[in-house]
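Here is a look around one protein model, going from its aromatic rings to its open space. Have the sequence and the structure at hand as you read.

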Amino acid sequence: MSRGSVKEVRLITTLLRGTQCKMERLRQLSTTPSTSYILQKLEDVVHEMGLKIKQHEENIKFLKTQKNGLDNSILDMQVALGKYQTESESGPENEELSHVLSEQETIEQILRYEKSAAGIWCQLKTRHGTQASHLPLTKDVLGIVAMLGKVDDDNLSRLLSDYLGLETMLAIVCKTYDGIKALETYNKEGYINKTSGLHGLGSSIGRSLDGRFLVICLENLRPYGGEFIADEPQRRLNILKPRLPNGESPPGFLGFAVNMVNIDSVNLYCATSSGYGLRETLFYNLFSRLHVYRTRADMLQALPCIRDGAISLDGGIIKHNNVFALGNREVDLKFPKSFAKSNLPQDYFEIERQIKEMKWKKERTVEDMQREQALLDHARFNFGIKKQEYLKFLAQNSSYTRQLQAGGERLTLIS
């Protein structure tokens, strides 16, 4: 054999051995347990994500059905209320007119404090009506303390207002803490941003907001934890009557202030996201177990059983911890006077309550739908990423198989 032929044989042998080594490595790579394990894990993850997407879609479908059912029930009940209202139109109209005039009088009293937060908010409501409640700034605002309750007796109304004080009567009531954050914003240095919130709104109507103002957050108030008076449409609190040391009821005791405030049916139930009404949250925190007596003499005689303050119809006031308020009344602002709908049947108020409760359930359902939609969008996004990862790994694994096949063909040609 010539020297050139020997070199050629050695070269082919070397190539053959190299190809065989490469093929062996490719076989090992393609058949290693880690590769099949990773592939199976990716398949499991993609499958599990697909099941989650299906579950979120089914949840949204169920919630939509629930919301539609609530819409239909609310509509049916509103039709029933409309029939009651039509039947009651023959009743006295002076009562309703007096009710409107009383509310208007309270609004005018608030507007006199034109540079207060309450005055600016009332100005917004007066100018824009129901549209104001949809603005980002005020959509979480329930109202002003002075407008959220009504009192039968004008004198009692002024006494309760005097007990609370002007600052509290003008306090703005928000449902959540997010509503409070929308009313006043701050710059990086911590100073008030006068171009946004109520400050910006005041400037836009030529009424700069001066001084501090109170805002009450309903969701952070600790609600009354006791029972309600049974079969009472106003959901008055079932608070134990006071007793003197001798076990007798104090003479001249008329009741608890928290139960003497009448609340519109729209706020009587589910004023908060947790389902509490204004009586057991706002007014219970404002008045607690404040006693109401006929005279100062009766009030002073009942001192041993007064713990959360008391007032008397002739102007006496005892604050917490036996702090007496003396002198003349200073607060002109008062609650509107309430007028009972005596010509409406008891079922009317029960239907109003059910409508309020269903609207509250509808709001919670819509919130659940929004959460489920966000989870669905997130699941679809993650599914897309994992799917691409799975397909990429699968494509890479397929390239190894093609290399094995190509190497086998080269071996066949060389042999």
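## Rings, a covered helix and a pocket

F228 counts as partly exposed, at 26% relative accessibility (buried means under 20% relative accessible area, exposed over 50%, and partly exposed in between, with a 1.4 Å probe and protein chains only). Before going further: this is a predicted model, where local features need pLDDT of at least 70 and side-chain atom pairs count only at pLDDT 80 or more, while totals for chains, interfaces and linings use all residues. Residues are numbered from 1 along each chain as its sequence is written, and side-chain values use heavy atoms, with hydrogens and water left out.

Back to F228. R235 sits over the face of its ring, 4.0 Å from the ring centre; the test for that is NZ of Lys or CZ of Arg within 6 Å of the ring centre and within 35 degrees of the ring normal. F228 also forms an aromatic pair with Y224. Rings of Phe, Tyr and Trp (its six-membered ring) pair if their centres lie within 6.5 Å, and planes under 30 degrees apart count as stacked, over 60 as edge-to-face and the rest as tilted.

| Pair | Centre to centre | Angle between planes |
|---|---|---|
| Y224 and F228 | 6.1 Å | 75 degrees |

Y224 lies in the loop between β4 (215–217) and β5 (253–256) and Y284 in helix α10 (residues 279–287), so their pair ties together parts 60 residues apart in sequence. (Helices are DSSP runs of H or I with at least four residues, strands are runs of E with at least two, and both are numbered from the N terminus.) Y224 and Y284 are both buried, Y224 with a relative accessible area of 7%.

In total the structure holds seven aromatic pairs. Y163, F283, F287 and F335 make up one aromatic cluster, and K319 lies over the face of Y163, at 4.6 Å from the ring centre.

Is helix α10 mostly covered or mostly open? Mostly covered: eight of its nine residues are buried, among them F283, Y284, L286 and F287. The cover over these buried residues includes α5 (154–164), α6, β3 (172–174), β4, β6 (261–262) and α9. Just after α10, S288 takes a positive phi of about 50 degrees.

T168 belongs to helix α6 (residues 166–169) and is buried at 16% relative accessible area. Leaving aside residues up to four places away in sequence, T168 touches V145, L214 and L286, where contact means heavy atoms within 4.5 Å.

Now for the open space. The largest pocket holds about 1600 Å³. A pocket is an open set of points on a 1 Å grid over the protein atoms alone where a 1.4 Å probe fits, with protein on both sides within 12 Å along at least five of seven lines; lining residues have an atom within 4 Å of a point. The lining of the largest pocket has 49 residues, and K139, V141, L142, K175 and N267 lie nearest its centre. Elements that give two or more residues to this lining include α3 (94–111), β1 (141–144) and α12 (346–414). α12 gives the most, with 11 residues.

Terms used
Grid points are joined across faces, edges and corners, and a volume is the space filled by probe spheres set on the points.
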